[in-house]
Amino acid sequence: MRFEPKIIAFCCNWCAYAAADLAGTSRMQYPSNVRIIRVMCTGMVHPEMILRSFAKGADGTMVLG
Amino acid sequence: MTLCEVTEVAGGVGDFRVTVMERPRYVDVDKCIACGECATICPKKVDDEYNAGTGKRKAVYVKYAQAVPLKYQIDEQACIRMKKPGRCGACAKACPAGAIRFDDTEKMHEIEVGSIILAPGFEGFDPSGTGVYGYGDYPNVITSMQLERYLSASGPTEGQLVRPSDGKPVRRMAFLQCIGSRDENVCGKSYCSSVCCMYAIKEAVIAGEHVPELQTSIFYMDMRTHGKGFDEYYQRAKNEAGIRFVRCRVNGVEPEGKRGDLRLHYVNEEGRQVEEFFDLVVLSIGLETPRHVLELAEKTDIRLTPHNFAAVSDFAPVSTSQAGIFACGAFAGPKDIPQSVMEGSAAAAAAADILSPARHEMTMEKTFPPERDILGEALRIGVFVCHCGSNIAGYVDVEEVADYAATLPGVVHVERNLFTCSQDTQELMVKVIQKQNLNRIVVAACTPRTHEPLFHETIKAAGLNEYLFEMANIRNQNSWVHAGDKKVATRKAQDLTRMAVAKVAWQNPLQNFAVPITHNALVIGGGLAGMAAARNLARQGFPVDLVERSGVLGGNAIHLHNTWSGEHIPHHLYGLISDVSNSKMITIHSETEVVEAQGYVGKFKTTIKGRNGVKQIIEHGVTIVATGGGRLMPDEYGYRKYRGVVSAIEFDKLWEINDKQVRASNAFVFIQCVGSREPERNYCSKVCCTHSVQSAIELKKEDPGRRVYILYRDMRTYGQRETLYKKAREMGVVCINYELHGKPKVDRSDNGFEVEVWDHVLHRPLLISADMIVLAAAIIPGSGAKKLARMYKLPMDKYGFFQEAHTKLRPVDFATDGIFLAGMAHYPKPVEESIAQALAASARAATLLSRDQVLLDAIKAEVDPDCCDGCALCIDVCPYHAISLVEETDDAGVLHKLVTINKAHCKGCGLCQGTCPKRGIAVAGFTFKQLESQLDAALAM
Amino acid sequence: MLNSKTVGSAMVVGGGIAGMQAALDIADAGYFVYLIEYTGAIGGAMAQLDKTFPTNDCSM
């Protein structure tokens, strides 16, 4: 079986999350491995959140803002 | 109301009857879901005006991807079916919502309004008819608007900068300025369009970011970067982005070879004839009033300037010649975005002045049923899965998603809707929530960024707290981006739904935070801007406290005589002063300063202190800062050393009192940019070029035999002021350009002065003998500004002017709610711009003052007193100064430290949450528990 | 001179950046607004701009 990484992306509501929406509106295609968690600002993403995502099995974590 | 135009205006101020014609869209907006099926199948392609003709669109189209309303329309000029009934019609068959209406017709609307605001905008000058610089003949000569689209990721080349002729990457690009501006011979436009210098620099910088090896040259006459921050941007473009600026008018553009190279020839600054080659030549087109707008002006019977812009007074910069009809934006003269936004607000203020007797008469507050208490209830989650027509259902097995959702913990009700956002589904949702007693709602559909507010309303209507809600974004972030693999998209939709369910399970009811508004305003500064704002607020019915540091009202305007258009300043100023002094709504505190400030939007408490030492506390809902500017005392060109070297303001005074030296003088030299656009003050003072040109005209008018020189760096007579510059030159005023590295030298001579300056036409130093030297000294920030900034915690730029919330879109707001900015405290500006900004500040203030309270959303930081130990780390990171430390001693005498949140200041960004080492603070709706549950659910695949 | 009757609404002609700002501010001050746009969507010329000075922010 092919390796399918699990990726978590914390996205700022005002920019990265909006960008992900726009990617949809523009019908850009990308792999489905990423799961987006919306935050009001990437500043609210506590380091513990990132550690927890790895502990729970994420292969990569992105903080986008 | 889109696709509409005004066809007739009857009645008058306070009670207009306007006839509006709505052209047919041929698409039912209530049904269209903007899925785009129609455009996909439409066989007809035409030039896309949104892309300035650089790309194609279909005959059925949306103007652009983010258009509002996002509804398709049919171009009847292009549509095959519209031209020949019975043919094509493919879109009607493809439309899943049945929204196509080939039989749509014109509709007429009769609308009663109290006031009309005209903001019809501009269009770019179209150079095709003139054949200027080969536009239309050579494909690689394009307009700046076309370049804008080429550079855009949503444009025809997705941001690739290539030559239209052969698709070759562009390496050498030239901008030619003033196309359709400052040129009566070829283009028939004598005014300056004000914005082209700046947009050319911006486009050049951005193009350079796209193509690092790009070499860009900008050919210009005067670099008119007079706005706030513009000169710094210009310097950065020159020094950091490596853009070359060449001061000359290019003689011609010709093709070189067959592949599309272009040859430019021009006379360079050393006076030599030069030839250069470019891949792309960009014409920086000016702004002009579109024809349909001229018709609008005719229908509304308002006066236009000779340049076809709305005629307005400098003292009423948004009022047209018809009472009750206002104009703003580029229709009232060519201008940039921030100025247009300011005028938009200013027009609102001017209209509100008329409408105030009928405030709230035509608006309604929505009412909602009382909120159900869900405390102690077990989870009853309802999941609504949206098909979005085929937008989701076409790529995701929605049935499978719904079945899966029903298995999730806490979920008691699942249903699918064709369009969850449609009006009928909303009504259905309300019924379902009530019937099923649901206490958490998940909608799996599009993005919360556009649809969350709608669903909040729906849930509220069902008697549930609006925050007990979460969206799973299975369209924008799923079906649309994984269109090729239904299995994958379906699985991801299930994951996203699971995440939303996990998060909403931990959501508590939240209450919006209401801040009551004190219905009066404090205006700081009694100059033109402060008084104009105070007068407008008073006329709208709001009490104003006006604080002025000096003993007289008027500010800098006391020293001025004429506006650029020749209006008499003292006359209008005294009118304003008497209005303000006689208004029962305005309390003037003269010889008074602000000494302390507390509070927040709706509830400020400001302490003022008179010269007599008496203090007074004013409670007010909003604050307008209009502290004005000051003037620089020059330390060069012999100022204060020689009699006869004076500043512009002093010269005006001498002229006014018929001074002996002015009378006796025959040769005058004006030196521009004295203290402005220098390294320590790298901004333009904006008013001096026009001022000197006006003085020069007056001198010449009185005695044409006088010799008058203006030594300038760039002649910034922007907009319709250009006519003054032209007039001055026609009258024989000699304008000589100098550069910062070759400043003029002033020496005393036997009977006056000798000024040496490099002549760029003759290419040798020029000696001018002069009797008087007039220095255009810089405008600097007002002296009290810094102190005030500290008291209200307001940001300033590095020169000491106040910093607005957003340079483009919020030019009169501060980042702090309830405080607004007007006049020269913001940046040097002429009378009409100060007044426009003052009216804008008044309009912005009125949006708060007209309400009894401001409702702020509940997404705010909350402290968990069990975990917070008062370490105060969060206090420093909070960008809004919303957190403070409190210390309390309990009954046992133990000291407890704890932070508290000022909810009126908190914006819910959660920087505190990310910083707190003890989980003592979190943003409601995004608590640790919620984010963790969502995260865990995401990874439980 | 004000008429005896004042209608508590305004019409804004043009849905560009200036018109939208005017419409928002009047509406927020408690008056009904009719926003009339010539084309099929509001946004005006600014919607065509890729990015704006000085931060080169996207202008959307």
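Guide: Chain B and chain A bury about 3500 Å² between them. Carbon and sulfur atoms account for 58% of it. Keep in mind that this is a predicted model.

Visitor: OK. How many residues does the contact take from chain B and from chain A?
Guide: Chain B puts in 42 residues. Chain A puts in 39 residues.

Visitor: How many salt bridges are there between chain B and chain A?
Guide: Six salt bridges are counted between chain B and chain A.

Visitor: Which residue does Arg52(A) form a salt bridge with?
Guide: Its partner is Asp936(B). The closest N and O atoms are 2.8 Å apart. That is inside the 4 Å cut-off, so the pair counts as a salt bridge.

Visitor: And how many residue pairs are in polar contact there?
Guide: The rule finds 16 residue pairs across the interface of chain B and chain A.

Visitor: Which elements of chain B give two or more residues to that side?
Guide: They are helices H11 (448–461), H12 (475–479), H13 (486–504), H23 (911–915) and H24 (928–939) of chain B. H24(B) gives the largest share, eight residues.

Visitor: What classes of residue are on that side of chain B?
Guide: On the side of chain B that touches chain A, 22 residues are nonpolar, 13 are polar and seven are charged.

Visitor: New topic. How many residues are in contact between chain B and chain C?
Guide: There, 84 residues of chain B are in contact with 49 residues of chain C. The area buried between chain B and chain C is about 5500 Å². Carbon and sulfur atoms give 62% of that area.

Visitor: How many salt bridges does that one have?
Guide: The count between chain B and chain C is one salt bridge. Arg844(B) and Asp25(C) meet in a salt bridge through their side chains, at 2.6 Å from N to O. Polar contacts across the interface of chain B and chain C come to 25 residue pairs.

Visitor: Which helix of chain B gives the most to the side that touches chain C?
Guide: Helix H8 (residues 337–355) of chain B, with ten residues. By class, the side of chain B that touches chain C has 44 nonpolar, 22 polar and 18 charged residues.

Visitor: What about strands? How do S8 of chain B and S1 of chain C run?
Guide: They run parallel. Four bridges join S8 (residues 115–118) of chain B to S1 (residues 9–13) of chain C.

Visitor: Which residue stands opposite Leu118(B)?
Guide: Val13(C), in S1(C).

Notes: Residues numbered from 1 in each chain as written. Chains lettered and ligands numbered in written order. Predicted model: local features only at pLDDT ≥ 70, side-chain atom pairs only at ≥ 80, totals over all residues. Heavy atoms only, no water. Contact = heavy atoms within 4.5 Å. Buried area = accessible area lost by both parts, 1.4 Å probe. Polar contact = N/O pair within 3.5 Å; in protein donor to acceptor, adjacent residues only side chain to side chain. Nonpolar A, V, L, I, M, F, W, Y, C, P; charged D, E, K, R; others polar. Pairing = 2+ DSSP bridges.
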